[in-house]
Amino acid sequence: MESVNPLLTGKPYPLGASVDDNGVNFTLFSANATQVVLCVFDEFGLNEQQFPLTQKTRQIWHGYLPQAKAGTLYGYRVYGPYQPLLGHRFNHHKLLLDPYAKQLFGELEVNDVTYGYQIDSPDSDLSFCSKDNGKYMPKCCVVDDRALRNRPVKRLNIPLEQTIIYETHVKGFSVLNPEVNDDIKGTYAGLAAPSSIQYLTQLGVNCVELLPVQSFFNEPFLIEKNLSNYWGYNSIGFFAPNAAYMSGESITEFRDMVDSLHDAGIEVILDVVYNHTAEGSRLGPTLSFRGIDNANYYRLVSNEQRLYINDTGCGNTFNSNHPQVLQLIMDSLRYWVEVMGVDGFRFDLASCLGRETYGFDPGCGFFDALSQDPVLCQVKLIAEPWDIGPGGYQLGNYPIAFSEWNDRYRDTMRRFWRGDHGMLPEFARRFHGSDDFFEHHGRSPSASINFITSHDGYTLKDLVSFNQRHNLANGEGNRDGHHENLSANYGEEGETSKVAINQIRQRQQRNFLATLLLSQGVPMMLCGDEMGNSQQGNNNAYCQDNKISWIDWKTIDWSLVEFTSQLINLRQRFPILCHKDFIHVPDNKRDSGFVWYGRDGEPMSKRQWSEQSCRSLAVVITSGELAQQPHALLLVLNADVENQSFTLPSLNCYGPWQCLLSTQNLNNDNLAQSELIKERKAVLQSRSLMLFHANFQLVQDKESIDDSH
């Protein structure tokens with residue numbers, strides 16, 4: 001910048017850096033600071049110029065810099081008391097990131113001076129570090145987002161119950177795809193590449209849920225091990241897209257990706273982390289919030305404010321109870337919806353956001369703010385309904401606007417197909433949409449986000465290939481990650497050349513996928529599960545930014561991909577598989593129905609439900625006579641190690657059963673069984689399932705129906 005005029009008064013809103021035709025308005029919240037200095041740099045992030053923000057309105061420091069433009073690099077130095085025992089950690093020797101920065105320039109270089117204290121001092125974080133960190137910090141970049149704000153967003157508004165979520169990682173999805181150009185592999189543009197979108201549309205998913213894309217940093221302990229935070233659950237910039245996923249220098253690339261996915265009929269949900277930040281515990285670096293106003297941005301232990309409340313397990317807990325912090329979160333969410341075009345959010349460790357000083361409250365300030373916001377009340381909201389804090393597990397207790405990750409569904413389906421005893425009642429509840437958790441206060445089956453696997457844990461192939469975790473690559477002596485995975489290897493640990501074992505594993509993968517996509521509720525698939533992707537038994541690959549985590553496009557099981565696509569097609573073909581409301585035993589034949597049957601073809605009795613050794617059952621779902629095309633579906637499941645014979649239920653007013661899908665055929669060829677099954681008999685191989693269909697027939701055809709049965 002050739003010349004800069006002195007700061008003008010400016011205005012306290014909007015927060016962050018706002019561009020107009022004549023300059024940039026800068027604002028920063030800090031209730032306890034004594035002075036705030038705007039630091040402006042040249043295009044290389046060097047030659048710092050300082051401009052004190054002399055104006056303060058309602059704890060918002062502000063100033064207007066004439067002639068400043070988009071692309072200006074800046075940061076802040078904030079003066080105030082360094083009194084950790086009282087919760088204050090101001091240190092003006094530390095350049096700080098703007099919480100509202102929309103883009104970051106450069107990378108963080110972690111070393112001794114990025115800490116606010118002397119890390120080698122016996123006084124630990126009570127000591128004070130006067131070394132300057134400026135040259136080691138990334139800089140904030142002023143963004144002119146006016147054009148993006150004026151760009152219309154193509155809203156798909158896919159009903160939640162019809163949504164099929166595909167959880168994926170921006171980099172991991174395309175970085176090894178040979179059909180994606182080298183210059184955009186592993187980027188937002190790579191996910192939006194024609195070959196990427198073609199794959200997703202042919203698979204049939206209509207929503208991608210992206211692991212964190214907001215700017216995040218690597219934890220110092222990972223850097224020491226030459227590892228990095230691959231998943232991204234270590235946020236520092238709630239507005240700025242992670243620069244490592246950009247193929248160029250413009251954040252417009254992210255919006256372009258969203259628009260391309262929308263054009264293909266695919267919505268975008270972001271996994272967001274507002275429960276903690278990358279600054280970690282009291283022994284972590286000073287990067288932004290800690291140096292701006294530690295006592296307000298974080299939840300501190302009330303009687304020892306040197307310490308952070310750690311309900312996240314990540315060293316700190318973001319203070320969403322504070323009105324200014326709540327505003328930051330709300331402004332961030334609206335920005336990603338209105339400017340970046342996304343369709344919803346999955347909130348990591350959401351119980352942190354719902355916890356007041358007295359505990360979790362579904363009527364807390366954050367949830368109330370979301371529900372009344374005219375923008376955010378219209379998007380999809382998904383909670384990870386737990387954290388490690390007191391009373392953190394809250395499955396089923398979120399407000400009506402939320403859906404929830406259902407870990408009870410995950411664990412139940414894993415145990416059922418593993419062959420555990422006594423699972424029938426629990427299996428039935430989870431398959432039905434977990435009405436015991438969600439059928440209250442007007443909630444529907446779509447409140448349950450069903451999943452078998454997610455980023456956190458085994459892939460589907462590893463779930464049927466390993467009994468034990470294999471996490472040595474993480475550098476923690478194989479102590480990290482879940483100890484109990486409810487998995488089975490069926491005879492050998494990991495890869496095997498034994499045909500019989502591989503056949504069981506292939507069948508089990510199909511069983512899991514079929515169960516997931518035929519259950520009531522919203523299915524979420526982990527990217528790569530439909531391909532047979534493996535992480536080599538690593539069930540905590542958060543720090544594996546390498547081939548352990550990346551999708552290997554050269555070893556895809558295309559037969560499994562085709563099977564998954566068939567399942568998605570069936571779910572979309574038969575609306576009763578994604579019913580908007582809970583359905584039960586029908587009161588009359590006009591109602592949709594959901595009835596469980598035993599192997600004898602009769603409705604399940606109390607005795608059958610209590611049989612501990614029984615691992616097979618069937619369910620009939622009927623659309624009711626008032627449906628546009630009345631029909632019935634019959635799903636027969638056998639998780640036993642032995643083959644089982646079933647008598648198929650006989651339904652009045654419905655024609656003979658026709659097989660639509662079977663996991664007994666690994667080549668996906670169901671044509672041999674597509675003929676009408678007139679004998680009402682079926683033999684299911686061990687660990688397999690079959691799906692049947694019957695059409696509604698008019699009452700006058702009842703005699704012919706009975707004859708066919």
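A residue is called buried when its relative accessible area is under 20%, exposed when that area is over 50%, and partly exposed in between, with a 1.4 Å probe and protein chains only. By that rule Arg-77, at 3% relative accessibility, counts as buried. The model is predicted: local features need pLDDT of at least 70, side-chain atom pairs count only at pLDDT 80 or more, and totals for chains, interfaces and linings use all residues. Residues are numbered from 1 along each chain as its sequence is written, and side-chain values use heavy atoms, with hydrogens and water left out.

**Salt bridges**

A salt bridge is defined as a side-chain nitrogen of Lys or Arg within 4 Å of a carboxyl oxygen of Asp or Glu. Helices (H or I, at least four residues) and strands (E, at least two) are DSSP runs, numbered from the N terminus. The structure holds 37 salt bridges. Three of them are set out below.

| Salt bridge | Closest N and O atoms |
|---|---|
| Glu-48 with Arg-77 | 2.9 Å |
| Asp-259 with Arg-255 | 2.9 Å |
| Arg-410 with Asp-411 | 2.8 Å |

Glu-48 forms a salt bridge with Arg-77. Glu-48 lies in the loop between β3 (35-41) and β4 (49-52) and Arg-77 in strand β7, so this pair ties together parts that are 29 residues apart in sequence. Glu-48 is partly exposed, at a relative accessible area of 30%.

The pair of Asp-259 and Arg-255 belongs to helix α6 (residues 252-263), where the two residues, four apart, are separated by about one helical turn. An α-helix has 3.6 residues a turn, so residues three or four places apart point the same way. Both Asp-259 and Arg-255 are buried.

In the pair of Arg-410 and Asp-411, Arg-410 counts as buried at 18% relative accessibility, while Asp-411 is partly exposed with a relative accessible area of 25%. Elsewhere, salt bridges that share partners join Arg-408, Glu-426, Arg-429, Arg-430 and Asp-436 into one network.

Helix α7 (residues 289-297) is mostly covered, with eight of its nine residues buried. Among the buried residues are Phe-289, Arg-290, Asp-293 and Tyr-297. Contact here means heavy atoms within 4.5 Å. The elements that cover the buried residues of α7 include the strands β2 (23-29), β7 (73-79), β9 (88-89) and β15 (235-241), together with helix α8 (323-338).

The loop between α7 and α8 contains Gln-305, which is partly exposed with a relative accessible area of 30%. Not counting residues up to four places away in sequence, Gln-305 touches Pro-84, Leu-85, Leu-86, Gly-87 and Leu-300. From C-alpha to C-alpha, Gln-305 and His-88 are 8.6 Å apart in space, although 217 residues separate them in sequence.

Axes are lines fitted to C-alpha atoms, for helices over the stretch in contact, and angles between N-to-C directions run from 0 to 180 degrees. Angles under 35 degrees count as roughly parallel, over 145 as roughly antiparallel, 65 to 115 as roughly perpendicular and the rest as oblique.

The axes of helix α14 (residues 499-518) and helix α15 (residues 558-573) come within 9 Å and cross at roughly 20°; the two helices are therefore roughly parallel to each other. Residues of α14 including Leu-513 and Leu-517 meet residues of α15 including Phe-563 and Thr-564.

Helix α4 (residues 194-203) has an axis that comes within 8 Å of that of α15, crossing at roughly 55°; α4 and α15 are therefore oblique to each other. Tyr-199, Gln-202 and Leu-203 of α4 make this contact with Trp-558, Val-561, Thr-564, Ser-565 and Ile-568 of α15.

Thr-564 takes part in the contact with α14 and in the contact with α4. At 0% relative accessibility, Thr-564 counts as buried. Leaving aside neighbours within four places in sequence, Thr-564 is in contact with Leu-203, Leu-513, Leu-517, Met-525 and Glu-530.

**Backbone geometry**

Most residues other than glycine have a negative phi, and most peptide bonds are trans. The peptide bond from Tyr-13 to Pro-14 is cis, with omega near 0°, and Pro-14 sits in the segment before β1 (16-19).

Leu-486 has a positive phi of about 55° although it is not a glycine, and Tyr-490 likewise has a positive phi, near 60°. Leu-486 is placed in the loop between α13 (460-463) and α14, and Tyr-490 is found in the loop between α13 and α14. Leu-486 is buried with a relative accessible area of 15%, and Tyr-490 counts as buried at 16% relative accessibility.
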